[in-house]
Amino acid sequence: QAINELSPAATEVYSAFKSRPEVTLQTQALCQISGLPRRTAVSALAQLCGAGLIIKYGKGAGTRYKISF
């Protein structure tokens with residue numbers, strides 16, 4: 001149900017994670033994969049973390065994200 005309420009950018013970011021479930025991604029790599037601007041990707045990541053669909057590891061420049069099962 002939470003997936004239906006996502007913004008188009010968050011849906012794009014989530015699909016990038018679904019295609020690589022075993023990988024942890026940093027924001028920069030996610031921007032390259034999805035083609036989204038950094039600020040849009042960060043906003044989408046925050047929305048996905050809030051919905052419990054991805055997990056955030058670390059802080060600052062070393063922050064990585066992984067899909068939650």
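User: At what angle do α2 and α3 pack?

Analyst: An axis is a line fitted to C-alpha atoms, for helices over the stretch in contact, and angles run from 0 to 180 degrees between N-to-C directions; the helices themselves are DSSP runs (H or I, at least four residues), as strands are (E, at least two), numbered from the N terminus. In this predicted model, α2 and α3 pack at an angle of about 110°, with their axes 10 Å apart. That makes α2 roughly perpendicular to α3, a term for angles of 65 to 115 degrees. Contact means heavy atoms within 4.5 Å, and here it is made by Thr 27, Gln 28, Leu 30 and Cys 31 of α2 with Arg 38, Ala 41, Val 42 and Leu 45 of α3.

Analyst: As for the ground rules, residues are numbered from 1 along each chain as its sequence is written. Because the model is predicted, local features need pLDDT of at least 70 and side-chain atom pairs count only at pLDDT 80 or more, while totals for chains, interfaces and linings use all residues, and side-chain values use heavy atoms, with hydrogens and water left out.

User: At what angle do the axes of α1 and α2 cross?

Analyst: The axes of α1 (residues 8-18) and α2 (residues 27-34) come within 10 Å and cross at roughly 100°, so α1 is roughly perpendicular to α2. Glu 12, Val 13, Ala 16 and Phe 17 of α1 meet Leu 30, Ile 33 and Ser 34 of α2.

User: Which residues touch the most other members of the largest nonpolar core?

Analyst: In soluble globular proteins, nonpolar side chains tend to be buried together. A nonpolar core is a set of buried Ala, Val, Leu, Ile, Met, Phe, Trp, Tyr and Cys residues joined through side-chain atoms within 4.5 Å, where buried means under 20% relative accessible area, exposed over 50% and partly exposed in between (1.4 Å probe, protein chains only). The largest core has 17 residues, of which Val 13, Phe 17, Leu 30, Leu 45, Leu 48 and Ile 54 touch the most other members. Helix α1 gives the most to this core, with 6 residues.

User: How many disulfides does the structure hold?

Analyst: A disulfide is a covalent bond between the sulfur atoms of two cysteines, and the criterion is a pair of cysteine sulfur atoms within 2.5 Å. The structure holds 0 disulfides; Cys 31 is in none, and the nearest cysteine sulfur, that of Cys 49, is 14 Å away. Cys 31 counts as buried at 14% relative accessibility, whereas Cys 49 is partly exposed, with a relative accessible area of 26%.

Note on methods:
Parallel < 35°, antiparallel > 145°, perpendicular 65-115°, else oblique.
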